[in-house]
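User: I would like to go through the charged side-chain pairs here and the terms used for them. Please set each value against its definition.

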Amino acid sequence: MVFRTHMDTALIEARAAAERGEVPVGAVIAGPDGIIAQAGNRTRELNDPTAHAEMLVIREACKTLGKERLTGFDLYVTLEPCPMCAAAISNARIARLYYGADDPKSGGVGQGPRIFSHAQCHHVPEIYDGIDAAASEVLLKNFFAARR
């Protein structure tokens, strides 16, 4: 099997989120046949603090497949998932997590509470960080600089 990253599509979703005034984070869920769900943050638009890109793609993928678990599927996200999203990733049984930029302030995977390292975490995906991290970081820095 040849590895193909879908981070380019996640970055497109992140840019679209920024254009909507949302924090620019995008996510994609892909399987053997390609992308089955993609989304960007929509917390402001939906007035929903759980409408992170990861949560939205997990919901969409589960709905598309008609099941509650995403065993064998990959999640690509432009920013390190927060603790809420990391728990959802575990509960969805996502096989592999690929993320871009680290999130020292709100991350829950490589920093902060490190959700996947807890005994209460029943599933740990394979984790690959730093995928197109520079592009994700520039997008985030530009977004927040424009708001200051």
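Analyst: A salt bridge is a side-chain nitrogen of Lys or Arg within 4 Å of a carboxyl oxygen of Asp or Glu. The model is predicted, so local features need pLDDT of at least 70 and side-chain atom pairs count only at pLDDT 80 or more, while totals for chains, interfaces and linings use all residues. Residues are numbered from 1 along each chain as its sequence is written, and side-chain values use heavy atoms, without hydrogens and water.

User: Why is the pair Glu-45 and Arg-42 called a salt bridge?

Analyst: The N to O distance between the side chains of Glu-45 and Arg-42 is 2.4 Å, and the limit is 4 Å, so the pair qualifies.

User: What makes Arg-42 partly exposed?

Analyst: Buried means under 20% relative accessible area, exposed over 50%, and partly exposed in between (1.4 Å probe, protein chains only). Arg-42 has 26% relative accessibility, so it counts as partly exposed.

User: What does the salt bridge of Glu-45 and Arg-20 tie together?

Analyst: That pair meets at 3.5 Å, N to O. Glu-45 lies in helix α2 (residues 43–46) and Arg-20 in the loop between α1 (7–19) and β1 (26–31), so parts 25 residues apart in sequence are tied together. Helices (H or I, at least four residues) and strands (E, at least two) are DSSP runs, numbered from the N terminus.

User: Is Asp-74, which pairs with Arg-96, buried or exposed?

Analyst: The Asp-74 and Arg-96 side chains form a salt bridge at 2.7 Å, N to O. Asp-74 has 9% relative accessibility, so it counts as buried.
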